[in-house]
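Good morning, colleagues. I would ask you to keep the sequence and the model in view while I go through a selection of side-chain contacts.

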Amino acid sequence: MDHDQFIERVTQYIKRTKTVDEGERKLEEFKKILTYLPGHYDEDASFIKLDEAIHESEEERGIEMGKRHRVFYMALPPSVFIPVAKGLKKNVYAKEGLNRIVIEKPFGQDSASSAHLAKELATCFTEEETFRIDHYLGKEMVKNVMMVRFANIFFSQIWNRMNIDNIQITFKEPFGTEGRGGYFDEFGIIRDVIQNHLLQVLSLIAMERPVGTDAESIRDEKVKVLKCISPISIDDVLLGQYVGANGKPGYLEDDTIKNKDSLTPTFAALVLHVQNERWEGVPFILKAGKALNEAKVEVRIQFRNVAGNLYKNAARNELVMRVQPDEAVYIKFNNKQPGLSYQTIQTELDLTYHSRYSDLSIPDAYESLILDVLRNDHSNFVRDDELEAAWKIFTPLLHKIDAHDKDIHITNYEYGSRGPMELDAFVKKYGYDRSNINYNWPIQSVAPQKN
């Protein structure tokens, strides 16, 4: 594309949050600092032109020697990560400033490919210069997990197997592949969402208290807890693929999918077990799917039943952290029904961000993470040994799915449904109690009207 086409492509997604006139003025200012340079991924001449263009910009802006820092953001097909990294190192690497490279997922397809990618990239950029970006680590509620856990004494005391029965981390999208089936069919829902986004959330929920809030202390604890998770057993897996319904096409009807017999899962529910003193016996249920009934990402921590409970119909307590939409933290607890009744009802202590923090603007996840790159803060980025530990959990299962192993079963579910019909029975098997999912505020005795 030419420069004007590039500008159009970039600016169509920019949000205008100010008045129309001011928004347009800011947009025009932004356009003036954008430069588009076409080239080839595997051609030194293209990278040399890029280096020249950056050098020219540095000269125009009068950036002094020693401060000519460069950030390279590789939002590219994984197949070209290595040649581009080598081209950048050879031809565009800053000699008068710092270098940082940002890599978008997927970071390989299994343990072997991830290790190969890591080895090749390490010949070009150091671990300190490398930022493996997972945008879920930039989401407000995910960044809030550590605060909730370690800044509140009542949570820190009950965050263990003695009090928690099960933990669910759920990712739901209300749309299918929508013309991206060619890309998705190569990876599937586990590689696309669970192995990275949801596992990162799990590591923050399950890790031990770090010695500090610096990046390496946090990532050290994440690696430790990931190493406590054994590879996923086929008995702990429910896989699905959506079919057409409600006027929407099925997965295999996507024209970009070449293999019309594809067994790539578009839904997966996996149970992970953390084998340590804190979490022994507590199932972590990770669920993700496309073409479901709603858009939602949340963490649901369900506590055990009260021992010797006086109130037999009391529901379990739950702590829910809703990542999107509409960030919220709420606790489900039991309460006496108001009025003359002594019935136990469930209610909520609710912190919903858009009502409580109505005057605050929450930045987009990428906004936050790119700022972290500029600040050289690795806290919300994936370290190399963390990635290695993560792939060991999933690789045996993924190889079985790829090989269409006889033990792998893919069940169909309708577009717009909650997922496979077997889902409720699957999560119930791991102790999850759905009896307190739906509840209504009571409508009952009102005060007598005055004459």
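Asn 99 belongs to strand E2, where strands are DSSP runs of E with at least two residues, helices are runs of H or I with at least four, and both are numbered from the N terminus. Because its relative accessible area is 5%, Asn 99 is buried; the term stands for under 20%, exposed for over 50%, and partly exposed for what lies in between, with a 1.4 Å probe and protein chains only. A polar atom of the Asn 99 side chain lies 2.7 Å from the backbone nitrogen of Ala 94.

Before I proceed, a word on the source. The model is predicted, with local features requiring pLDDT of at least 70 and side-chain atom pairs counting only at pLDDT 80 or more, whereas totals for chains, interfaces and linings use all residues. Residues are numbered from 1 along each chain as its sequence is written, and side-chain values use heavy atoms, with hydrogens and water left out.

I turn to the charged pairs. Side chains of opposite charge can pair when their charged atoms come close. Here a salt bridge requires a side-chain nitrogen of Lys or Arg within 4 Å of a carboxyl oxygen of Asp or Glu. How many salt bridges does the structure hold? The total is 29.

One of them joins Glu 58 and Arg 70, whose closest N and O atoms are 3.3 Å apart. This pair links distant parts of the chain, with Glu 58 in helix H3 (residues 44-60) and Arg 70 in strand E1, 12 residues apart. Both Glu 58 and Arg 70 are buried.

Another salt bridge is formed by the side chains of Asp 192 and Lys 105, at 3.2 Å from N to O. Asp 192 is in helix H9 (residues 181-206) and Lys 105 is in the loop between strand E2 (99-104) and helix H5 (111-122), so this pair ties together parts that are 87 residues apart in sequence. Asp 192 and Lys 105 are both buried.

Glu 294 and Lys 296 also meet through their side chains in a salt bridge, at 3.5 Å from N to O. Salt bridges with shared partners connect Lys 172, Glu 294, Lys 296, Glu 298, Arg 300, Glu 318 and Lys 332 in one network.

Next, the aromatic side chains. A pair of aromatic rings is described by the distance of the centres and the angle of the planes. Rings of Phe, Tyr and Trp (its six-membered ring) pair if their centres lie within 6.5 Å; planes under 30 degrees apart count as stacked, over 60 as edge-to-face, and the rest as tilted. A search of the whole structure gives 16 aromatic pairs. Among them is the edge-to-face pair of Trp 279 and Phe 284, with 5.3 Å from centre to centre and 80° between the planes. Trp 279 counts as buried because its relative accessibility is 0%, and Phe 284 counts as buried at 0% as well.

One aromatic cluster is formed by Phe 184, Tyr 242, Tyr 251, Phe 267, Tyr 413 and Tyr 415. Ile 257 is placed in the loop between strand E5 (237-243) and strand E6 (267-273), and Ile 257 counts as buried because its relative accessibility is 2%.

Two lysines are placed over rings, the criterion being NZ of Lys or CZ of Arg within 6 Å of the ring centre and within 35 degrees of the ring normal. The charged end of Lys 89 sits over the ring of Tyr 93, 4.9 Å from its centre. Lys 139 lies over the face of Tyr 136, 5.1 Å from the ring centre.

I close with the surface. Which helix gives the most to the nonpolar patch? Helix H12 does, with 3 residues. Helix H12 (365-375) and strand E1 (70-74) each supply at least two residues of the patch. Leu 371 is in helix H12 and counts as partly exposed because its relative accessibility is 38%.

Notes: A polar contact is a pair of N or O atoms within 3.5 Å; within protein, one must be able to donate a hydrogen and the other to accept it, and residues adjacent in sequence count only if both atoms are side-chain atoms.
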